[in-house]
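This briefing covers the strand architecture and the pockets of one protein model. Please look over the sequence and the structure before reading on.

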Amino acid sequence: MRTVKATAAAVTVALAAGAASVAAGRFASDAALKAPPGKPLPTEPRLTVHATAAGQIALTRDLAALRPGVYGLAGDGTHAVVGEVLGSTTHSADSVVRRLERVTRGTLEAGDKVRLTPTVHIGDPRSALGLDHRDVEILGELGALPAWFVPGVRDTWVITVHGLGATREHPMNVMEFLHRQRFPVLDLAYRGDRGAPRSPDGLNHLGETEWRDVDAAVRYAVDNGARQVVLHGWSTGATMALRAAVRSALRERISGLILDSPVLSWPTTLRALASARRTPGALLPLAVRAAQGRTGLERDGTAEAVQLTVPTMIFHGPDDTLAPWEHSRRFANARPNLIALHTVAQAQHGAMWNADPQAYEETLRRFLTPLM
């Protein structure tokens with residue numbers, strides 16, 4: 001009898017431990033599968049505002065705060081834009097002073113907690129950039145998808161697709177440049193975004209199902225006068241663009257791809273997000289298995305290099321800890337006649353433009369010129 005009771009107790013403990021492991025794996029996988037749009041990803045450190053002055057802001061001294069370039073600064077109900085580090089300005093040893101370009105929402109005060117974000121503009125193309133645009137709806141497989149359309153005279157359209165944790169405000173970073181090149185721009189909100197239908201399971205699929213919304217945008221562009229389209233995606237939006245370029249029934253209308261910080265290995269990105277939530281290392285394999293079971297994710301994006309038929313430009317850098325640059329390097333090396341890699345140093349995930357806008361736009365101009 002004692003042996004039976006001991007065995008039963010051991011089985012109960014094992015089942016409880018197994019259930020706890022499954023629950024922990026699901027919770028850890030939520031870092032990627034339930035990342036809310038418009039909130040900085042947990043991989044970015046929280047910085048404290050030390051002080052503000054005319055055209056200046058002092059932030060916690062951190063490697064993130066020392067990055068070159070221009071960034072959004074997001075806090076609780078606030079948004080601002082910061083420029084270069086002001087090295088000659090007097091400041092305390094534990095702070096960094098950057099140029100404060102503008103405060104676009106709320107107010108900044110000493111003690112506020114903020115994060116750097118690639119999203120520089122908020123609002124819509126008219127309010128943020130002074131560009132005329134139309135609010136349009138694209139019929140996707142789950143329902144109507146809102147999008148901004150900025151007209152241009154060319155018959156090649158650029159469709160922009162934001163990534164994980166961002167919104168369609170992020171592509172406004174390059175919208176002025178594309179408008180100067182006279183491209184019509186279609187800036188898409190896809191499933192899970194504000195104003196767009198949710199996935200049936202309520203989860204992000206890291207591009208594996210969302211690419212169909214890009215496919216719907218391509219169809220909308222073709223139906224409304226586009227002869228060709230170029231897809232410009234960031235992060236998981238780059239993954240979606242890549243999927244559309246090889247899977248879409250209209251792929252012959254896609255003449256080029258621009259991939260910024262592409263997520264080419266979803267298990268690596270998921271582990272990075274889960275780790276940023278302080279998930280113990282022992283639970284990270286469980287998070288990957290949980291994500292796979294919940295979404296059906298299987299392969300990574302590098303397998304699709306052999307199927308590409310259009311010129312592709314990748315913007316990526318070795319300081320991206322969320323979607324490692326090494327995967328992009330291997331991806332480009334697999335098809336050197338078709339895929340170019342522009343390496344950007346000292347840039348966070350999705351922020352290759354932010355690190356050096358002029359260099360990014362010049363590289364983009366050279367890539368797009370033959371596609372005009």
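How much space lies in the second largest pocket? In this predicted model, the second largest pocket holds about 310 Å³ of space. The largest pocket has a volume of about 1100 Å³. The strands form a barrel of 6 members.

**Barrel**
- The barrel closes in the order β1-β2-β5-β4-β3-β6, with antiparallel pairing.
- From one strand to the next, the twist averages 45°.
- Strand β1 spans residues 47–53 and strand β2 spans residues 56–60; the two pair in the antiparallel sense over 4 bridges.
- Within this pairing, valine 49 stands opposite leucine 59 in β2.

**Largest pocket**
- Its lining consists of 46 residues, and Lys39, Pro40, Leu41, Leu116 and Thr117 lie nearest the centre.
- The elements that give two or more residues to this lining are β3 (71–75), β4 (78–85) and β6 (113–117).
- The most comes from β6, which gives 5 residues to the lining of the largest pocket.
- By class, the lining of the largest pocket has 16 nonpolar, 18 polar and 12 charged residues.

**Second largest pocket**
- The space in the second largest pocket, about 310 Å³, is lined by 24 residues.
- Of these lining residues, Ala35, Pro37, Arg191, Gly192 and Asn204 are the closest to the centre of the second largest pocket.
- By class, the lining of the second largest pocket has 10 nonpolar, 9 polar and 5 charged residues.

How values were computed: Residues numbered from 1 in each chain as written. Predicted model: local features only at pLDDT ≥ 70, side-chain atom pairs only at ≥ 80, totals over all residues. Heavy atoms only, no water. Pairing = 2+ DSSP bridges. Axes fitted to C-alpha atoms, helices over the stretch in contact; angles between N-to-C directions. 1 Å grid on protein atoms, 1.4 Å probe; cavity = no way out; pocket = protein on both sides within 12 Å on 5 of 7 lines; lining within 4 Å. Points joined across faces, edges and corners; volume = space filled by probe spheres on them. Nonpolar A, V, L, I, M, F, W, Y, C, P; charged D, E, K, R; others polar.
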